[in-house]
Amino acid sequence: MEINLSFGGGTAEEEGGDHSQAASSLYRWLVAEPELRGQVRVAAGVGEVGEGRMGDALEVVNVVLANSIALGSLVTAVVAWRGSRARSPQVRLERNGVVVTVQDSSPETVERILAMWNGSAASGGDAE
């Protein structure tokens with residue numbers, strides 16, 4: 001199972017204008033997360049240029065999960081990373097075309113994402 005993590009919603013300004021800073025920080029956080037060791041393969045990369053961008057490639061973190069059990073640990077780690085930041089950027093998670101945006105660091109966010117992906121992944125859409 002592959003998950004792409006990217007940044008949106010004004011993150012460039014929040015991160016001092018550099019998406020790569022946020023991607024690098026999240027990458028290091030995920031690699032160091034004990035719950036994910038041996039369960040995921042994490043890689044940093046460059047995503048597609050989004051609509052409304054001035055030609056800047058969007059930095060992404062790509063995660064390949066060994067099993068569906070690791071999905072909960074990944075989402076929990078992303079929410080914890082976001083909560084640890086002084087200026088919390090929005091993080092977009094995409095799996096099989098279903099995109100969710102993490103805008104807060106609450107436990108309900110983790111539950112909402114897992115419920116959406118496990119219950120209605122075929123419907124697609126963006127959860128705020």
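Student: Why does Asn96 count as exposed?

Tutor: The relative accessibility of Asn96 is 65%. The term exposed applies over 50%, so Asn96 at 65% counts as exposed. The model discussed here is a predicted one.

Student: Where does Asn96 lie?

Tutor: Asn96 belongs to the loop between strand 4 and strand 5. These two strands form a hairpin with two residues between them.

Student: What makes the phi of Asn96 worth a remark?

Tutor: Most residues other than glycine have a negative phi. Asn96 is not a glycine, yet its phi is positive, at about 50 degrees.

Student: How do you know that strand 4 and strand 5 pair?

Tutor: Pairing requires at least two bridges between the strands. Strand 4 and strand 5 (residues 98–102) are joined by five bridges, so they count as paired. The two strands run antiparallel. As one example, Arg95 has Val98 of strand 5 as its bridge partner.

Student: Which residues of strand 4 make up its covered face, and which its uncovered face?

Tutor: Strand 4 covers residues 90–95. Val91, Leu93 and Arg95 form the covered face, whereas Gln90, Arg92 and Glu94 form the uncovered one.

Student: With which residues is Leu93 in contact, beyond its neighbours within four places in sequence?

Tutor: Among them are Ile3, Leu5, Val75, Val78, Val100 and Trp117. Leu93 is also one of the residues that touch the most other members in the largest nonpolar core, together with Leu5, Leu30, Val63 and Trp117. That core has 30 residues.

Student: Which elements give two or more residues to this core?

Tutor: They include strand 1 (2–8), helix 2 (19–32), strand 2 (40–46) and strand 3 (59–65), as well as helix 3 (69–84), strand 4, strand 5 and helix 4. Helix 3 provides the largest share, eight residues.

Student: Why is Val100 called buried?

Tutor: Val100 is found in strand 5. A residue is buried under 20% relative accessible area, and Val100 has 0%, so it is buried. In sequence, Val100 and Arg112 are 12 residues apart, while their C-alpha atoms are 9.4 Å apart in space.

Student: What makes Ala77 a buried residue?

Tutor: Ala77 is part of helix 3. Its relative accessibility is 3%, and the limit for buried is under 20%; therefore Ala77 counts as buried. Leaving aside neighbours within four places in sequence, Ala77 is in contact with Trp29, Leu30, Glu33 and Leu36. The C-alpha atoms of Ala77 and Pro34 are separated by 9.9 Å, although these residues are 43 apart along the chain.

Student: How does the reach of helix 3 compare with the expected value?

Tutor: Helix 3 has 16 residues, for which 22 Å is expected at 1.5 Å a residue. From its first C-alpha to its last, helix 3 reaches 24 Å, which is close to that value. Its buried residues include Leu71, Leu74, Val75, Val78 and Trp81.

Student: How do you know that the span of helix 4 agrees with its number of residues?

Tutor: Helix 4 (residues 107–119) has 13 residues, and at 1.5 Å a residue these should span 18 Å. The end C-alpha atoms are 18 Å apart, so the two values agree.

Student: Why can the buried residues of helix 4 be said to line one face?

Tutor: The buried residues are Thr109, Val110, Ile113, Met116 and Trp117. Viewed down the helix axis, they fall within an arc of 135 degrees, so they line one face of helix 4. An α-helix has 3.6 residues a turn, so residues three or four places apart point the same way. The other side of helix 4 has the exposed residues Pro107, Glu108, Glu111, Asn118 and Gly119.

Student: Why does Thr109 count as buried?

Tutor: Thr109 has 2% relative accessibility, and buried means under 20%, so Thr109 counts as buried. Beyond its neighbours within four places in sequence, Thr109 is in contact with Val79, Val102 and Asp104.

Student: What share of the chain counts as buried?

Tutor: Of its 128 residues, 38% count as buried. The chain contains four helices and six strands, in the order β-α-α-β-β-α-β-β-α-β from the N terminus.

Methods
Residues are numbered from 1 along each chain as its sequence is written. This is a predicted model: local features need pLDDT of at least 70, side-chain atom pairs count only at pLDDT 80 or more; totals for chains, interfaces and linings use all residues. Side-chain values use heavy atoms; hydrogens and water are left out. Buried means under 20% relative accessible area, exposed over 50%, partly exposed in between (1.4 Å probe, protein chains only). The expected span of a helix is 1.5 Å times one less than its number of residues. The arc is that of the directions from the helix axis to the C-beta atoms. A nonpolar core is a set of buried Ala, Val, Leu, Ile, Met, Phe, Trp, Tyr and Cys residues joined through side-chain atoms within 4.5 Å. Contact means heavy atoms within 4.5 Å.
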